[in-house]
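Here is a brief report on one protein chain. It starts with the domains and then turns to a sheet, a helix and a single residue.

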Amino acid sequence: MDPSVRRIIESCELSHAEFVMHYQPLKRRIDDALAGHPAASEWLIGPSRVGKSMLINNLAREYPETKVEGVRRIPVLVVPVPSPVSPKEMPKSVLAALGMPTVRGNSGDLFLKMERLLKLAGTKVLLFEEASHIVEVGTKMPPRAAGDWFKQLMERLGLTIILFGVPHLEKLYQSNEQLRKRSQARRQFRPYDSTDKAEYFSFAQCVMTYADVFDKAGWPIDMPRAQLVGHCYLLSGGLVGVVSAFMNRLAYDLEPQKRRLVTAEDCARAMRSIESAGHPDHPAFTRAEVTPAELEQAHITVLAEAKLPRRR
């Protein structure tokens with residue numbers, strides 16, 4: 001395989017329907033903040049590998065860091081939430097995201113330093129990645145106190161905040177009614193549901209995008225497209241991030257070889273090298289046919305693990 005093909009697969013970011021549904025309104029929220037509108041709070045939950053990180057990266061990429069008269073300007077800052085969380089680690093995580101070396105001090109002093117540097121950088125929006133760490137077992141900062149900390153960012157610093165995490169992030173908002181009442185309704189970034197024709201079609205388009213890259217590079221996948229889509233759904237339960245990991249692994253396995261048809265055995269080998277998400281009793285690429293019941297079971301497995309209800 002031409003190494004550039006593997007690069008294309010690795011760098012492929014799919015602006016699929018569920019992604020766009022969240023990207024556009026969150027971008028508008030950021031644009032509002034940069035235009036001087038009042039600070040706001042948004043939060044988005046979704047299972048692991050649904051595409052939250054890609055969403056954060058794409059939003060941040062729209063508002064790159066610049067320099068104005070030698071001063072760094074960071075309008076939108078991505079902040080990975082530490083684990084375990086504590087009153088000192090939260091401002092330290094913001095300082096680290098600003099590129100500051102390890103700093104010492106009590107939580108109050110760190111907050112003041114964070115406030116000063118955020119103003120200096122012209123930051124208007126904070127994107128908190130893995131915010132669900134706040135409500136994990138073992139945290140040293142009670143969820144209610146964490147909610148008050150975020151409320152301070154909005155009210156005292158005038159910052160718009162967007163929190164991203166797995167579904168148990170909801171506990172943060174349940175524990176602090178003041179933060180909840182100041183925030184927009186939760187957003188759910190969900191895996192595609194095979195029982196919904198429109199959603200399954202959107203999922204199929206993602207699979208086809210990857211398959212077309214292989215095909216154009218001289219590595220056609222040797223199975224009917226509907227069958228490939230079904231097996232990709234079996235291994236992912238509708239999570240596009242899992243499909244991405246599978247396609248990346250397939251490209252990695254094929255890279256040392258000469259051009260040829262990509263077989264079901266190649267796909268099965270790649271699948272065994274990643275963490276699949278579907279039902280363990282219905283592994284992908286083990287037989288030709290995939291039944292609707294098996295697809296539904298894969299989706300239910302993903303929802304159950306994430307503690308998400310079926311879409312109504």
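In this predicted model, the centres of domain 1 and domain 2 lie 32 Å apart, taken over C-alpha atoms. The contact draws 14 residues from domain 1 and 18 residues from domain 2. The domain assignment places domain 1 at 5–188 and domain 2 at 197–306.

**The domain interface**

About 1,500 Å² is buried between domain 1 and domain 2. Carbon and sulfur atoms give 73% of that area. On the domain 1 side, R6, I9 and R49 supply 44% of the area buried against domain 2, more than any other three residues.

R6 forms a salt bridge with E255, and their closest N and O atoms are 2.7 Å apart. Helix α1 (residues 3–11) gives the most to the side of domain 1 that touches domain 2, with 5 residues.

| Item between domain 1 and domain 2 | Value |
|---|---|
| Separation of centres (C-alpha atoms) | 32 Å |
| Buried area | about 1,500 Å² |
| Polar contacts (both at pLDDT 80 or more) | 3 residue pairs |

**The sheet**

An open sheet has 5 strands in the order β4-β5-β6-β1-β7, with parallel pairing. Its edge strands are β4 and β7 (187–188), each pairing on one side only. β4 and β5 pair in the parallel sense over 5 bridges. V79 stands opposite F128 in β5.

**Helix α4**

Which residues of helix α4 (residues 89–97) are buried? They are M90, P91, S93, V94 and L95. Their cover includes two strands of the sheet, β4 (76–80) and β5 (125–129). It also includes helices α5 (107–121) and α6 (143–155). Just after α4, G99 takes a positive phi of about 90°.

**L239**

L239 sits in the loop between α10 (225–236) and α11 (240–254). Is L239 buried or exposed? L239 counts as buried because its relative accessibility is 4%, and the cut-off for buried is under 20%.

Leaving out residues up to four places away in sequence, L239 touches P47, S48, R49, V50, P191, A277 and V302. One of these, R49, is also among the three residues that supply 44% of the area domain 1 buries against domain 2. Another is A277, 38 residues from L239 in sequence. In space, L239 and A277 are 8.0 Å apart, C-alpha to C-alpha.

Methods: Residues numbered from 1 in each chain as written. Predicted model: local features only at pLDDT ≥ 70, side-chain atom pairs only at ≥ 80, totals over all residues. Heavy atoms only, no water. Helix = DSSP H or I, 4+ residues; strand = E, 2+ residues; numbered from the N terminus. Buried < 20%, exposed > 50% of the residue type's maximum accessible area, 1.4 Å probe, protein only. Contact = heavy atoms within 4.5 Å. Pairing = 2+ DSSP bridges. Domains from an automatic or database assignment. Buried area = accessible area lost by both parts, 1.4 Å probe. Salt bridge = Lys/Arg side-chain N within 4 Å of Asp/Glu carboxyl O. Polar contact = N/O pair within 3.5 Å; in protein donor to acceptor, adjacent residues only side chain to side chain.
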